[in-house]
Amino acid sequence: MVSLGCPKNRVDSEVMLGLLEQAGYQLTPDAQDAEVLIVNTCGFITAAKQESIDTILEMNQYRENGQLRALVMAGCLSQRYQQNLWNDLPEVDAMVGTGEFHRIVEAVDGALKGVRPSFWGEMPVSGMQSPRRLTTPSYTAYLKIAEGCDHACSFCAIPSMRGGYRSRPLGDVVAEAKRLVQSGVRELVLIAQDSTIWGHDLYGQPQLPRLLYALQEIPDLVFVRIMYSYPTQITPELVRAMRDLPVVAPYLDMPLQHADSDLLKHMGRPFRRDKTDRVLGMIRDAIPDITLRTTFIVGFPGETEEQFDSLVHFIETMRFDHVGIFTYSPEEGTRAEGLGDPIPEAVKERRRRQAMLAQRKLVGTVRGRHIGKVMPVIVEEVGDTVSVARGATDAPGIDGVTYVQGQFSVGQVIPVRVIGVREYDLLAEPQK
């Protein structure tokens, strides 16, 4: 299995691996030894689409220099382009979209028989607790709480690939969380296209606080981390739950995309700058030590130098812990596609570098506020004199780490005191 794209895609990959293993297939980490290769594709932006196609063609080479008998294409790109790719990629022996990846065993069986099956329907989200073969370290796992998206962002094709927003029922999510923790997981990362509206389609209104209270009751769970939130549904009730529940990491990922209200309107974002300012103020008043992550897009059609300058000023004044900057690329089938791509690539790249430089200048000060604090961390790597760990301040795979003096066991949870900062990483010593 080659899994590309976001953590949501990764969860799908893990479910497919679990189903295949349950059906009797033997998994191998070596593509050269595999009789079946599955590429779970990403179709979010042009670069991701190209990477997906390139990977499929690369994997197809194992027909000659490996054991390959069946090449299966899965994921977002399969769902988005369906019949076109089916016709254009004769190398692919079976195809499953995001809606029916649970039929992966049927797809693989058919491919090995030469049937060339394809499945592109819409999968119900209940029952997503199918067997999973985790590809993350044993102590951390992503927990998908919903599928799809109802937002109408003009630059985004996710709804066309993942469908409308469908929340997993509370009992369904909690049951999977308990199984993961019983297997040794200590950190659960909640993911959805918008985590903060979880439950609105099932219970009449967003119910994320209710889910957090339920997860708090699971023994041995150390961190629950919330990713992909929108300021429109960050309510006082949610903030209180984050503040009061020990298991909820004081960490929030909020992809804002821009700070200029006119540009946010053109982007189709469901909020404006004044709403963002109020929400950030509410969060920091209630949880002063909270770690905030966000992402921005530069070079959206019509973005002026003044609007870009307002974004840089926003970064400088709001002092986020973690910031990602992406350059805009037009996507087929989105409303923004009709706007063209009038801003030159060189200008977009210059703006990206300038925005990242503004953030980099703040990193030492922003991260330095943790010096002197005692906090729990999960050990990820062990060296001779220094171990690599990660605490509530950093999400797996995208943020920094904490270097701790001493030797410990991978997966061990230890209290440490932060004694310094090295760019995006923290330096710490163990506490007894």
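## A walk around helices α9, α10 and α12

Start with helix α10 (236-244): the elements that cover its buried residues (buried means under 20% relative accessible area, exposed over 50%, partly exposed in between, with a 1.4 Å probe and protein chains only) include α9, β10, β11 and α12. Covering here is a matter of contact, meaning heavy atoms within 4.5 Å. Helices (H or I, at least four residues) and strands (E, at least two) are DSSP runs, numbered from the N terminus.

Before going on, note that this is a predicted model, in which local features need pLDDT of at least 70 and side-chain atom pairs count only at pLDDT 80 or more, while totals for chains, interfaces and linings use all residues. Residues are numbered from 1 along each chain as its sequence is written, and side-chain values use heavy atoms, with hydrogens and water left out.

**Stop 1: the buried face of α10.** Select Leu238, Val239, Ala241 and Met242, which are buried in α10. Look down the helix axis: these buried residues fall within an arc of 160°, so they line one face of the helix. The arc is that of the directions from the helix axis to the C-beta atoms.

**Stop 2: across to α12.** To see the contact, pick Pro236, Val239 and Arg243 on α10, then Met282, Ile283 and Ala286 on α12. By class, this contact has five nonpolar, no polar and one charged residues. Ala, Val, Leu, Ile, Met, Phe, Trp, Tyr, Cys and Pro count as nonpolar, Asp, Glu, Lys and Arg as charged, and the others, Gly among them, as polar.

**Stop 3: over to α9.** Next, show α9, residues 208-216, and colour its buried residues: Leu208, Pro209, Leu211, Leu212 and Leu215. They fall within an arc of 160° seen down the axis of α9, so they too line one face of their helix. Among the elements covering them are α7 (170-182), β9 (187-191) and β11 (248-253).

The axes of α9 and α10 come within 9 Å and cross at roughly 15°, which makes α9 roughly parallel to α10. This crossing is left-handed. Where they touch, Leu208, Pro209, Leu212 and Tyr213 of α9 meet Glu237, Leu238, Ala241 and Met242 of α10. Seven of these contact residues are nonpolar, none is polar and one is charged.

**Stop 4: zoom in on Leu212.** Leucine 212 is buried, with a relative accessible area of 0%. Beyond neighbours within four places in sequence, its contacts are Leu190, Val224, Ile226, Leu238, Ala241, Met242, Leu245 and Val248.

**Stop 5: two loops with positive phi.** Most residues other than glycine have a negative phi. Tyrosine 228, in the loop between β10 and α10, has a positive phi near 60°, and is buried at 17% relative accessible area. Then select glutamine 257 in the loop between β11 and α11 (261-267): phi is positive there too, about 75°, and glutamine 257 is buried at 11%.

Conventions: Axes fitted to C-alpha atoms, helices over the stretch in contact; angles between N-to-C directions. Parallel < 35°, antiparallel > 145°, perpendicular 65-115°, else oblique. Left-handed = near helix turned anticlockwise from the far one by under 90°.
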